[in-house]
Amino acid sequence: MMNEKPLSPARRAGHRFLKNKLGMAALLTLAAIVFLCILVPAVSPYHYNNNRMGEKYEAPSMEHLLGTDENGRDVLTRVFYAGRISLLIALSAVALEVFLGVLIGALAGYCGGYLDEALMSLCEVLMALPFMLVAITVIAVLGAPDPGKMGALAAFVKRVGANNWKVFLLIAVLGGLGWPRMARLVRAEVLLIRGQTYMDACEVLGIPGLRRVVYHILPGVTHVVVVCGVMGFAGVILTETALSFLGLGVDLVTPTWGSLIQSARSVVNLGKRPWLWAPPGALIFITVMGFNLVGEALKDALNPRRHNINGE
């Protein structure tokens with residue numbers, strides 16, 4: 001129709017994403033996993049941390065669909081409760097990464113000059129450091145602070161609880177070390193937008209700098225932030241799993257997918273009790289693949305440079 005109202009960029013991006021069958025399948029799978037992580041521990045007749053020593057190492061049955069662990073705890077309940085903690089850590093760490101990356105990248109790209117050089121030098125230094133080695137070192141040092149050397153920090157850990165402190169520490173380390181890539185991508189987009197004609201018009205019209213950034217620059221970097229943030233979930237989940245497997249994650253009292261695999265890593269469990277490690281391993285694989293596929297679909301749907309003249 002000649003008088004048909006053209007679709008907005010957001011709606012066009014939504015239509016392109018809906019047409020991506022692989023991305024939609026991944027999104028629905030992730031939604032199902034999140035739903036089960038919320039629902040299963042709430043409706044399960046078993047508490048995730050109640051010990052039943054008389055029922056330890058039971059194979060999967062109608063009573064315990066995924067069997068029981070070394071303390072007689074229901075594996076199904078623990079796996080999906082662990083999903084809550086793993087996804088919460090990933091969400092919080094990515095939120096911190098996005099906040100720092102967008103703030104620092106936008107400042108560097110918009111202000112330029114010495115501030116740009118200083119911030120990008122900091123990014124290069126952090127990106128040059130071995131991420132996992134730095135994370136292991138920080139968590140090992142601060143995970144259980146020595147009261148004699150870090151009295152105030154040790155007192156704070158005692159007040160909030162060691163396990164809560166481990167969760168906060170994981171979020172801070174994963175988010176605090178992961179922002180440089182986001183910052184560099186945002187800076188590159190900001191520099192590109194600054195060279196557009198409409199930004200010159202904003203300057204001629206006397207629009208304040210903060211308003212230019214909020215209303216004219218940040219919307220232009222949304223696609224980079226969304227795609228990088230979604231795909232960052234996969235990296236955070238894998239890193240948290242690796243740290244938990246090394247014994248540097250949260251305590252086993254509050255399980256994560258990584259800690260469940262770590263607790264079942266004996267030769268006997270690997271060979272004879274696959275119900276202890278296969279379910280969390282499968283969920284890690286499916287979740288990581290899901291976030292990567294959704295990120296790829298969003299990259300195709302949101303990238304404005306892929307829009308053709310028909311907006312398809």
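Helix α2 passes α13 in a left-handed crossing, meaning the near helix is turned anticlockwise from the far one by less than a right angle. This is a predicted model, where local features need pLDDT of at least 70 and side-chain atom pairs 80 or more, while totals for chains, interfaces and linings use all residues. Numbering starts from 1 along each chain as its sequence is written, and side-chain values use heavy atoms, without hydrogens or water.

**The α2–α13 pair**
- The axes of α2 (residues 21-43) and α13 (residues 278-302) come within 8 Å and cross at roughly 135°; axes are lines fitted to C-alpha atoms over the stretch in contact, with angles from 0 to 180 degrees between N-to-C directions.
- Helices here are DSSP runs (H or I, at least four residues), numbered from the N terminus.
- On the α2 side, the contact (heavy atoms within 4.5 Å) is made by L22, G23, A26, L27, T29, L30 and I33.
- Facing them on α13 are L283, I286, T287, G290, F291, L293, V294 and A297.
- By class, the contact residues come out as eleven nonpolar, four polar and no charged; Ala, Val, Leu, Ile, Met, Phe, Trp, Tyr, Cys and Pro count as nonpolar, Asp, Glu, Lys and Arg as charged, and the others, Gly among them, as polar.

**Cavities**
- L126, L129, P130, F131, V134 and L177 line the second largest cavity.

Terms used. Helix = DSSP H or I, 4+ residues; strand = E, 2+ residues; numbered from the N terminus. 1 Å grid on protein atoms, 1.4 Å probe; cavity = no way out; pocket = protein on both sides within 12 Å on 5 of 7 lines; lining within 4 Å.
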